[in-house]
Amino acid sequence: MQDVINNLPKRAKDKHKENKNFFNKLKKKPPKQLDYLMVELHEEEFQRTDCLECANCCKTTGPLFTQKDIERISKYFKMKQQEFINTYLRLDEDNDYVLQSVPCTFLGVDNYCSIYDVRPKACREFPHTDRKKFQQISNLTLKNVAICPAAYNIVEEMKKRIKI
């Protein structure tokens, strides 16, 4: 798996122009059944992919923390919200709360998340490949294919199945 992760940024870069063109066409004329197809592709890929073997998202990027995330996770830790923010988060250039550093503070050496049951919404939904109106998040997907082997595979399969 480590070889796949190490080669992923180059593979994604090599496909970037092709993917960008594909997504531009997809935005202009999304197929009627796109949401259903994306759920199908997502489910098929995650039957083959074990995130615990990879955890590259947790090792290389940090999620946005919504106010609800902060409330839920600080309650889980029995901390005041401001204490949780001061301990783990910072405001980024867009004024969003993000982790102070990566890899994720909550990621264990075994790739298990210590706050899995209360993890942020962004983590629960990553890599966002089964999201409704998928064509609207193409810029995010272009980034995620360089981070997540499953997202890369889903986009490659999507290009085979959707002829634009």
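Let's start at L37, which sits in helix α2 (residues 34–48); helices here are DSSP runs of H or I with at least four residues, strands are E runs of at least two, and both are numbered from the N terminus. This is a predicted model, in which local features need pLDDT of at least 70, side-chain atom pairs count only at pLDDT 80 or more, and totals for chains, interfaces and linings use all residues. Residues are numbered from 1 along each chain as its sequence is written, and side-chain values use heavy atoms, with hydrogens and water left out.

L37 counts as buried because its relative accessibility is 15%, where buried means under 20% relative accessible area and exposed over 50%, with partly exposed in between (1.4 Å probe, protein chains only). Leaving aside residues up to four places away in sequence, L37 touches R161 and I162, contact meaning heavy atoms within 4.5 Å. L37 and R161 are 124 residues apart in sequence, yet their C-alpha atoms are 9.0 Å apart in space.

Now move to helix α5 (residues 67–76), where D69, I70, I73 and S74 are buried. They lie on the same side of α5 because they cover an arc of only 115 degrees around the axis, taken from the directions from the helix axis to the C-beta atoms. The cover over these buried residues includes β1 (64–65), α6 (81–88), β2 (89–91), β3 (97–99) and α7 (121–125). On the face turned away from the buried side, α5 carries the exposed residues K68 and K75. Just after α5, K78 takes a positive phi of about 55 degrees.

Finally, look at D92, in the loop between β2 and β3. Its side chain reaches the backbone nitrogen of D96 at 2.8 Å, and D92 touches L64 and V98, not counting residues up to four places away in sequence.

Definitions and conventions: A polar contact is a pair of N or O atoms within 3.5 Å; within protein, one must be able to donate a hydrogen and the other to accept it, and residues adjacent in sequence count only if both atoms are side-chain atoms.
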